[in-house]
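Visitor: I would like to learn how to read pockets and strand pairing in a model. Please take one feature at a time.

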Amino acid sequence: NAGLNYRAPNFNELYWPPDAWTRGNPDLKAEHGVDWDLGLRMRYPILHGVALDLTYFRITMNDLILWQSEGQIWMPLNVSKARKQGIESSLAIEPIKRWLNLSMNYTFLDARNLSDEPNTNDKILVYRPKHSLNISVSSNWSLFTLKYDFQYIGQRYTNPANTLYLEAYRTSDIVLSARFHYKDWQPQLSFQIKNIFDEKYEIIRYQPIPG
């Protein structure tokens, strides 16, 4: 696949109300660029079906709109030129038909600032982790489903010069759900525990996530 892309700044990016920490930027330019990807999809009948997908992608952007710090203020700014490339992969398998399902997806991302600014040229774009991994295991019996989700997000830089960063984090969630059948209705009840190992982490710097 290959194509051209274009995106005008949205309302929040242009006119976010200014306060002590954030503000919009009415001088933003629209972003535009070229993207292409090449993928491979494989399906095997063993073990009730194995599905494997592997894709290489590359996106080159001009005037990429990116929220980042400008002094003490968090605001959207244009990056004159940026490139994002990497590999996306996924694997799904059903070892025990209708009883046990396993799935995994992994992304390797190299997102770089290619502007001519000496402090930011060839630096990693903010909040773009190099490694991302999701694993899901689910089991079904009768009307009930038990699911375990694991997520790993790698180190992320929080400023354009790549001098500040957030550590990688790992979270685990459990969901128990029950689906009922009543005439044409299929109500579902679910109970969820998020972050069961009480990982201490931040998605945005200085904004810790609850345990």
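**Pockets and paired strands**

Guide: The second largest pocket is lined by 14 residues, of which Q68, N78, N113, E117 and T120 lie nearest its centre. This is a predicted model, where local features need pLDDT of at least 70 and side-chain atom pairs pLDDT 80 or more, while totals for chains, interfaces and linings use all residues. Residues are numbered from 1 along each chain, and side-chain values use heavy atoms, without hydrogens and water.

Visitor: What counts as a pocket, and as its lining?

Guide: Rolling a probe the size of a water molecule over the atoms shows where empty space is left. On a 1 Å grid over the protein atoms alone, with a 1.4 Å probe, a pocket is an open set of points with protein on both sides within 12 Å along at least five of seven lines; lining residues have an atom within 4 Å of a point. Here the second largest pocket holds about 210 Å³, the space filled by probe spheres set on points joined across faces, edges and corners.

Visitor: Which strand gives the largest share of that lining?

Guide: β4, with four residues; strands are DSSP runs of E, at least two residues long, numbered from the N terminus.

Visitor: How many bridges join β7 and β8?

Guide: Two strands pair if DSSP finds at least two bridges between them. β7 (residues 131–141) and β8 (residues 144–153) are antiparallel over ten bridges, with S136 opposite D149 of β8. β8 also pairs with β11 (residues 169–179), again antiparallel over ten bridges, and there D173 is the bridge partner of D149.
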